[in-house]
Amino acid sequence: QRQHHKPARLESFKKLSNVDIEHFKKIVPAETVLATAAVGGKADPIELEGFNADWLDKYRGNSQLVLRPKTTKEVSAILKYCSEQRIAVVPQGGNTGLVGGSVPVHDEVVLSLRNMNRVRSYDEVSGVLVCDAGCVLEELDNYVAERGHIMPLDLGAKGSCHIGGNVATNAGGIRFLRYGSLHGSVLGLEVVLPDGTVLDNLSTLRKDNTGYDLKQLFIGSEGTLGVITGVSVLTPRRPSAVNVAVLGVPSYENVQQAFKHARQRCGEILSAYEFWDSSCMRAVLHHQSLKSPLEAEYPFYVLVETSGSEKAHDDEKLSALLEELLEQGIVEDGALAQDDTQISRMWMMREGIPESLGKTGATYKYDVSIPIPVLYDVVKDIAKKLEKADLYKPDQSSGPVKMVCGYGHIGDSNLHLNVVADKFEDRVTNIFEPYVYEWVASHRGSISAEHGVGLMKRDYLGYSKSPEMISYMKRIKDVFDPHHILNPYKVV
Ligand code: FAD
Ligand code: MLT
Ligand code: ZN
């Protein structure tokens, strides 16, 4: 089932022995060391399964040691030793990453942040939250909600992903349209470098122009430059009025038209504009046991969310938008959520797509930024290529490829093109790799809008970055991680 093409193990990395395990037991609490008999420990290899396999069940490592430190000092001691001994390390958060970045490729040590999960401070005036990197995103959102605030990001994996993992991947998600990138809302980071140095840049200031903004380098660095142990993030006021509508749309052209109208009508209260196609809808209704709020089936669906402070005012704006779209024939049907339960059901229809596709089969994911007018063309193009190669029959779910579908954060020009197949195999992959990347590059798009590069895209970086840029990225890697022990084989 899994991808078999792995880069060869670098023999310069030390193979672990019981001497190393004994050392780790001295620098971190013994109960946080999970080592198998292969390296002199007692853990059942099954206990390490969840750390070795990724969410998509596409990438799998063979680590025999997982360390779960509780403090920054312990992280520092671990990395110092690994650096000296040339032991390769994979930092791991909630392990929900989608590009094979969070699991070992071979026998790298997994450094899990899950035991570092405390809120360090919260300032209710400024809304600045300072916390450990291993805090789960949803738990942080609940914590700040009790204080009238909201996390500036949200994603389907919120129940498992860590804020540290979010920062390490520069996650986008469904609030990006409203609150922008983590490059804006992260105010400070505490990072442990591979040699054990603690970079304490845990600022809570919004303004700080004292030279180079080093923390930005770690946002989106995917565990290749340092281990993030602490995060300071600005949390906005939680909107008191949230409205959601789901629209049935007859064409992709109309999805774009409706976006123009939504921005015009809703202005600053527009907080999300997401879309998905009919194949996604069928999968999500089936696997999440949901009922569509619309009577008929449509080629495309849109979820519009508004977030403001005047309920009556916002209701009026969204109703007027819906009326206008229906009158002009831009959408064919629409439903407004009447209460919080309906709001969360509508969001489930969009956020439940990745899990539903996973339940359908082996899912190939391409997370790309392309200009909105041509964004859906790539889905149609790939479907045609697979059909021509006799691997896909659109009206049947049998055959090596069961589904080719598109969804995503269209308000941010971000498409998730997914191909769902019986299994991961070369004859399928070869049809769209590197074709998808060539397609994206020809429109000056990005081959990774929000999921990162990881192992999956490291050989394709050249489609989005010039040789000069890649060369400087490698030089930055050398500065922070001269022995390349952190997340080897990934990104650069
Ligand atoms: P992991 O998966 O554990 O790690 C991801 C990467 O970060 C790895 O390279 C790892 O080495 C590194 N890393 C993790 N923690 C640290 C740390 N403390 N210090 C240094 N490096 C670290 N992404 C989006 O952008 N938008 C979405 O809408 C979105 N939705 C998703 C929905 C689902 C259902 C799933 C499964 C994933 C989704 N993702 C989305 C993917 C996204 O990358 C992750 O969900 C999330 O940001 C990763 O956090 P994590 O804690 O699970 O990190
Ligand atoms: C999403 O927007 O649902 C996520 O990025 C996950 C995915 O692409 O499947
Ligand atoms: Zn996404």
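Which residues are around ligand 2? In this predicted model, the residues around ligand 2 are G156, I353, P354, K365, D367, G408 and H416. Two elements, α13 and β14 (362–369), each supply at least two residues of this shell. When the shell around ligand 2 is divided by class, two of its residues are nonpolar, three are polar and two are charged.

The surroundings of ligand 1 are made up of 37 residues, of which G93, G97, G164, G165 and G223 are the closest. Two or more residues of this shell come from each of the elements β3 (89–92), α5 (163–169), β9 (227–234) and α13 (353–360), and among the contributing elements α5 gives the most, with five residues. By class, the shell around ligand 1 consists of 14 nonpolar, 20 polar and three charged residues.

Helix α10 (residues 278–287) packs with α13 at an angle of about 85°, and the axes of the two helices are 9 Å apart. Because angles of 65 to 115 degrees count as roughly perpendicular, α10 and α13 are roughly perpendicular to each other. On the side of α10, the contact is made by C280, A283, V284 and H287, while α13 contributes I353, E355, S356, L357, K359 and T360. The residues of this contact between α10 and α13 divide into five nonpolar, three polar and two charged. One of the contact residues of α13, I353, is also listed among the residues around ligand 2.

Methods: Residues are numbered from 1 along each chain as its sequence is written. Chains are lettered from A and ligands numbered from 1 in the order in which they are written. This is a predicted model: local features need pLDDT of at least 70, side-chain atom pairs count only at pLDDT 80 or more; totals for chains, interfaces and linings use all residues. A residue is near a molecule or strand if its C-beta atom, placed from the backbone, lies within 6 Å of it. Helices (H or I, at least four residues) and strands (E, at least two) are DSSP runs, numbered from the N terminus. Ala, Val, Leu, Ile, Met, Phe, Trp, Tyr, Cys and Pro count as nonpolar, Asp, Glu, Lys and Arg as charged, and the others, Gly among them, as polar. Axes are lines fitted to C-alpha atoms, for helices over the stretch in contact, and angles run from 0 to 180 degrees between N-to-C directions. Angles under 35 degrees count as roughly parallel, over 145 as roughly antiparallel, 65 to 115 as roughly perpendicular and the rest as oblique. Two residues are in contact if their C-beta atoms, placed from the backbone, lie within 7 Å.
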